[in-house]
Number of protein chains: 2
Amino acid sequence: MKKETQKLLLWVALLLGIFQTMAQPPRGPFVRSPQVHDDHTVTFSYLATDAKEVLLGGSQFGAANVPMVKDSIGIWSVTVGPIKPDIYPYSFKVDGITVMDPANVDFFPNERFKASLVDIPGDKPLMHALKNVPHGTITYEYYPSIEGSTGQLVVYTPPGYDKDPSKKYPVYYLISGTTDTEEDFFKVGKVNFIMDNMIAEGKAKPMIIVMPYGNPAARIAEQTGGPKPEDIRNRDSEEAIKRLGYFETDLITKVIPYIEKSYRVIPNGENRAIGGFSRGGGQTLRAAFNNMGTFDYVCSYASYISPAELESKFTDLINNPEKTNGQLKLLWSGIGTEDFLYKGTTEFNEFLIDHKIELKTYETDDGHTWMNVKKYLNQTLPLLFQ
Amino acid sequence: MKKETQKLLLWVALLLGIFQTMAQPPRGPFVRSPQVHDDHTVTFSYLATDAKEVLLGGSQFGAANVPMVKDSIGIWSVTVGPIKPDIYPYSFKVDGITVMDPANVDFFPNERFKASLVDIPGDKPLMHALKNVPHGTITYEYYPSIEGSTGQLVVYTPPGYDKDPSKKYPVYYLISGTTDTEEDFFKVGKVNFIMDNMIAEGKAKPMIIVMPYGNPAARIAEQTGGPKPEDIRNRDSEEAIKRLGYFETDLITKVIPYIEKSYRVIPNGENRAIGGFSRGGGQTLRAAFNNMGTFDYVCSYASYISPAELESKFTDLINNPEKTNGQLKLLWSGIGTEDFLYKGTTEFNEFLIDHKIELKTYETDDGHTWMNVKKYLNQTLPLLFQ
């Protein structure tokens, strides 16, 4: 069969299919992307009839700007790998323009960039694989937040939460990073499937995980029409200082009370943990250290507080190690050797250890990525509430 | 201050901000988009230093391919409108390449295209506005589906669902269209906020809304590694026919039993409704007509079954109007005059009316869009379970 005939038949098939299934009007030839193969190679495809150059972006699996090749219909594609099984963000560069993969529904929620996600399964299921085990749920909650705004929380409840109305649970407050949203630990970190699997294997205690948004100032500006965080140029102004405190005020005075009213939780420090990635790690450490007794388990994923800030703002905490160690059941700090916050984090770790503060440290390879966040979850979730 | 100095200061401010907040490495100048103004005009912006032409796509608010203008930093922007308040999809065309707005987190979940969403508030709050009323929640559920696959459901529970463990609710099964996902009635249709507002105003009965995925064959293929729906070329083959039935089999034998086991529902036809948009409307009508007594309320949003199919497959239903009318408490069909399914839908409506089947019809302007879906929700939600 000739190419032109093939092309014509493809269109006829598409049009018939569309008529039969009542789709939107036709959008062009059918592109399937990404296609993950059994040998861990992946084929990426993108339709761009008139483009001069299409590259596969996504250096995080070691394939930065790989040229793609155009077929007779105008679909560009490339096969790369084998790639180490994991979930990776990627995008295409079409004549220099970065685009998500239109054929892929899995994406990376972010305030500043748009990327698609490819999940390359392992030969043995990875920690986040969707397995045939009891599943918890993810719930989007709307709560009265500070400054008259309404906030959105993403909440994991473990399998069986709705079955036994007498059972109460510990809670892990888990905060994503700068430009991330409250959806990232769900959509990118797959924390729900990781927990489902750990609970099924008896590796972690059933717990509720609450994922707040790390940037309430932006949400407040959006809802009230007031200035956005980036409009406050003078960082020493009263307004700027108030805004810097928004996250912690919201967490302590709004989020926790809302959760403890709405879910069956054990409302004490022993049954509250806090953790976060990047900016969320800094927020974690400050919220924990400013409110000793509120969270007995504290996990910093690729983040730190500088020794200068520790010395000036957390004097009591660093100078009374016995008291501090008695209050915290877990203080955990993980970092990748390629992370751009590696130096600051190791200085933070060393400073605490020098001050006899009990700290569990974890070092892995790779950088400031959500692939590493899953490693940090894998290390810390089994340690909580034990 | 000179432009170059301004630019330098912008970068310094960004870098300082990034250091202090532990962000990802810098990604370029800060772009804010979209900016919705009080007069219902909207400014869209996109950073593309080297692009030759940037257009605003999104003809659905009457602004198709509007040229954008580049500033000295390389940010392209345009202000359009005033636009009739509503939620609209849009995208940019950058040298002919369609891209989402990188600065906007609100997006349109879809299997085939990627679009951002802009929400232009009304002078009076629109039906989907986030108001200071009690809020329900949205839950992502994982259930054992057909062919050994695990399905994802999006479930709305009304405000107060967790408060009174003795209260039981009716359920509306709501299905999105071709290439949509189970997230669209939540993320694009804002059915949760519409329901919250209607319940607060006493306009609709508190109900659970269950949003399944309309294309389980694709999910099964993804999870089992088997052929995808589009691989089955022979539409008369046993395999193709089995797959065509997947949605209904899944709904009746898996989704409904899972929901009735997991939620406090009233498990009878009087307290079950079904509705859907586009392909989901066709699935609605077939699931209802094939299982009379299961759903007493049936809503088709911009969809239909052809008279030929009604005559051949639903003979009893169309030839015994008294029986049919006695069984269905509501049969509803809505369409826009510009909808590409307008003709088919009006033929369907007329055919049913000719056969003395009681049918509520609704006609509005505009086309096959999610703006119209909200109008259909606005019409039908108050009619359910009354």
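Author: The model is a predicted one, in which local features need pLDDT of at least 70, side-chain atom pairs count only at pLDDT 80 or more, and totals for chains, interfaces and linings use all residues. Residues are numbered from 1 along each chain as its sequence is written, while chains are lettered from A and ligands numbered from 1 in the order in which they are written. The domain assignment of chain A gives domain 1 (24-119) and domain 2 (137-383), where the bounds come from an automatic or database domain assignment.

Reader: What separates the centres of domain 1 and domain 2 of chain A, and what does the contact take from each of them?

Author: Taken over C-alpha atoms, the centres of domain 1 of chain A and domain 2 of chain A are separated by 33 Å. The contact takes 10 residues from domain 1 of chain A and 10 residues from domain 2 of chain A, two residues being in contact if their C-beta atoms, placed from the backbone, lie within 7 Å. On the side of domain 1 of chain A that touches domain 2 of chain A there are 5 nonpolar, 2 polar and 3 charged residues; here Ala, Val, Leu, Ile, Met, Phe, Trp, Tyr, Cys and Pro count as nonpolar, Asp, Glu, Lys and Arg as charged, and the others, Gly among them, as polar.

Reader: What makes the relation between chain A and chain B that of a two-fold axis?

Author: Chain B can be laid on chain A by a turn of 180 degrees and a shift of 0.0 Å along the axis, with an RMSD of 0.0 Å, and that is the relation of a two-fold axis. In chain B, the C-alpha nearest the axis belongs to B:Thr139, 2.0 Å from it. The superposition is by least squares on the C-alpha atoms of residues with pLDDT of at least 70 in both copies.

Reader: How do you know that the copies meet through the same surface?

Author: Of the interface residues of chain B, 100% are also interface residues in chain A, so the copies meet through the same surface. In all, 46 residues of chain B are in contact with 46 residues of chain A. Strand 12 (137-144) of chain B supplies the largest share of the side that touches chain A, 6 residues, and that side of chain B divides into 21 nonpolar, 15 polar and 10 charged residues.

Reader: Why are strand 12 of chain A and strand 12 of chain B called paired?

Author: Strands are DSSP runs (E, at least two residues), as helices are (H or I, at least four), numbered from the N terminus, and two strands pair if DSSP finds at least two bridges between them. Strand 12 of chain A and strand 12 of chain B have 3 bridges in the antiparallel sense, and therefore they meet that criterion. Within this pairing, A:Tyr140 has B:Ile138 as its bridge partner.

Reader: What makes strand 1 and strand 5 of chain B edge strands?

Author: The open sheet has 4 strands in the order 1-2-6-5 (chain B), with antiparallel pairing. Strand 1 (35-36) and strand 5 of chain B each have a single partner strand, so one side of each is left without a neighbour in the sheet. Strand 5 (residues 69-70) is joined to strand 6 of chain B by 2 bridges, and these two strands form a hairpin with 4 residues between them, where B:Gly74 in the turn has a positive phi of about 110 degrees. Strand 2 (residues 42-47) and strand 6 (residues 75-80) of chain B pair over 6 bridges, with B:Tyr46 opposite B:Trp76.

Reader: Why is helix 3 of chain B called largely enclosed?

Author: A residue is buried if 20 or more other C-beta atoms lie within 10 Å of its own, exposed if 12 or fewer, and partly exposed in between, with C-beta atoms placed from the backbone. In helix 3 (residues 191-200) of chain B, 9 of the 10 residues are buried, so the helix is largely enclosed by the rest of the structure. The buried residues include B:Phe193, B:Asp196 and B:Ile199, and among the elements that cover them are strand 12, helix 2 (184-187) and helix 12 (370-380) of chain B.

Reader: How many residues of strand 18 of chain B are buried, and which way does this strand run against strand 17 of chain B?

Author: Strand 18 (residues 330-336) of chain B has 6 of its 7 residues buried. Strand 17 (residues 297-301) of chain B pairs with strand 18 in the parallel sense over 5 bridges, and B:Tyr297 has B:Leu330 as its bridge partner.
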